[in-house]
Amino acid sequence: MKKFIVLLGPPGSGKGTQASNLVKEFGLTHISTGECLRQEVAAQTAIGKEVEEIIAGGNYVSDKIANEIIQRYEIKHDNPNGYLFDGYPRTVSQAEFLDRSLASQGFSITAAIDLDVDDEVLVERILTRGRTSGRADDFEATARKRIKIYHDVTHILEDYYRKQGKLRTIKGDFKVEETWEKIKDIMNSL
């Protein structure tokens, strides 16, 4: 059965690592808005030029741009196992758009897996990643801004998916392997 998984969590919560595990273990197509946008910036597409400063400043792109990116990348990949949405949706408007898009194809979100991590742990993880990644958004001030935006804007998605009975929360302060075992348990129960 095709699964549609939303991976939630603030910057630095380990979404990228766990997304990689989910793709390998369950054969899902990984759609990461952050990665998609970085590809657009690198290719200097019209969208890439538009969002380059937004990303570097630690801000989120508009719902319109995020939805367009998701539609473009989802259409490119038809996977009978399903999809993993990483970094999308980030707003209720985006979640509603995704629900409508999937419903038009006869599908719905299977589960939203939320990685809950303490803010100070997040900042340390982002700074550690920034030392090796070279990403323009991996500096302390930007990290704190992105975490605050997550709490102000995206955190509401937990309620959105909880009301649908689809939210599964995992405390993400554990080691990567421990968090992964909890995610596998959730996936195997779906």
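Predicted model: local features only at pLDDT ≥ 70, side-chain atom pairs only at ≥ 80, totals over all residues.
Colleague: Is Gln94 buried or exposed?
Modeller: The relative accessibility of Gln94 is 3%. Buried means under 20%. Gln94 therefore counts as buried.

Colleague: Why do the buried residues of helix 3 fall on the same side?
Modeller: Helix 3 spans residues 46-56, and Ile47, Gly48, Val51 and Ile55 are buried there. They share a side of helix 3 because the arc they cover around the axis is only 85°.

Colleague: Which residues are exposed on the other side of helix 3?
Modeller: Ile47, Gly48, Val51 and Ile55 are the buried set in helix 3. The other side of helix 3 carries exposed residues. They are Ala46, Lys49 and Glu53.

Colleague: Which residue with positive phi follows helix 3?
Modeller: Look just past helix 3. The phi there is near 80°. The residue is Gly58.

Colleague: How are helix 6 and helix 7 set to each other?
Modeller: Helix 6 covers residues 119-133 and helix 7 covers residues 140-154. Their axes come within 10 Å and cross at roughly 135°. An angle over 145 degrees would count as roughly antiparallel. Helix 6 and helix 7 are therefore oblique.

Colleague: How do the residues of the contact of helix 6 with helix 7 divide?
Modeller: Helix 6 brings Asp119, Glu120, Leu122, Val123, Ile126, Leu127 and Arg129. Helix 7 brings Glu140, Ala143, Arg144, Arg146, Ile147 and His151. The contact divides into six nonpolar, one polar and six charged.

Colleague: How is helix 1 set to helix 9?
Modeller: The axes of helix 1 (residues 15-26) and helix 9 (residues 176-189) come within 11 Å and cross at roughly 45°. Under 35 degrees would count as roughly parallel. That angle makes helix 1 oblique to helix 9.

Colleague: How do the residues of the contact of helix 1 with helix 9 divide?
Modeller: From helix 1 come Thr17, Gln18, Asn21, Leu22, Glu25 and Phe26. From helix 9 come Val176, Thr179, Trp180, Ile183, Lys184, Met187 and Asn188. The contact of helix 1 with helix 9 has six nonpolar, five polar and two charged.

Technical notes
Residues numbered from 1 in each chain as written. Heavy atoms only, no water. Buried < 20%, exposed > 50% of the residue type's maximum accessible area, 1.4 Å probe, protein only. Helix = DSSP H or I, 4+ residues; strand = E, 2+ residues; numbered from the N terminus. Arc of directions from axis to C-beta. Axes fitted to C-alpha atoms, helices over the stretch in contact; angles between N-to-C directions. Parallel < 35°, antiparallel > 145°, perpendicular 65-115°, else oblique. Contact = heavy atoms within 4.5 Å. Nonpolar A, V, L, I, M, F, W, Y, C, P; charged D, E, K, R; others polar.
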